[in-house]
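Q: I am new to reading protein structures. Please take me through one, feature by feature.

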Amino acid sequence: MFMFTVTKPGLRQAGALALCAVCLCGTVAAAVHFTGDAVTASAAAVPGIETTQDIGIYFNGYGFDTDLASAAVDKVKIPKKWDDSFTAFNQIVQESGLDLADYKGKTVEKWTVLCPQLSTGEHDTYCVLLVYKAKAVGAYLLQKPSGEVTGLVTAAKASAEAAAQEEDTVEISADAFPQD
């Protein structure tokens, strides 16, 4: 048989804990209610990045197909002191919901995979994911040979708009018009 004794201070603590739990549940319910269908697909659900398949799943969450056979990994070090250009680069990374500020001075894995849907004959576009201890810490798109860096959200929106515009365009053959 177990005996449980509750004193007035213990009862107050249990009441405060229950109140906090109710407030937390209410906050979560309100957030879910107010966001409605505004939640977009993202790759934040990927628990750990350990394989090239994980990289593919991450970028598929943003609507980018990747050529996993082209995957390459390097080690790079995030600088401790940032200049204006690296601060601007971090702003591009922040579009994907990630931030490099907590990883200053750390060495991360830089995964690079080809994105065929965004590549043309003039340039190739690569999806780049920075990983620290199996956790995604930075993501962006890189065009080669120009070296232009683009945020994932910006590129996904541009790609979706181009696809929508392409669907709206209808080609009519010259043979369809009456001739005199």
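Q: How many helices and strands does the protein have?
A: Helices (H or I, at least four residues) and strands (E, at least two) are DSSP runs, numbered from the N terminus. In this protein there are 4 helices and 5 strands, and from the N terminus on their order is α-α-β-α-β-β-β-β-α. The model is predicted: local features need pLDDT of at least 70, side-chain atom pairs count only at pLDDT 80 or more, and totals for chains, interfaces and linings use all residues. Residues are numbered from 1 along each chain as its sequence is written, and side-chain values use heavy atoms, with hydrogens and water left out.

Q: What share of the residues counts as buried?
A: Buried means under 20% relative accessible area, exposed over 50%, partly exposed in between (1.4 Å probe, protein chains only). Of the 180 residues here, 27% are buried.

Q: Which residues form a salt bridge?
A: Side chains of opposite charge can pair when their charged atoms come close. The rule asks for a side-chain nitrogen of Lys or Arg within 4 Å of a carboxyl oxygen of Asp or Glu. By this rule the protein has 1 salt bridge. It joins Glu 109 and Lys 75, with 3.9 Å between the closest N and O atoms. The pair links distant parts of the chain, 34 residues apart: Glu 109 lies in strand β2 (residues 107-114) and Lys 75 in strand β1.

Q: Are these two residues buried, partly exposed or exposed?
A: Glu 109 counts as partly exposed because its relative accessibility is 26%. Lys 75 is exposed, since its relative accessible area is 61%.
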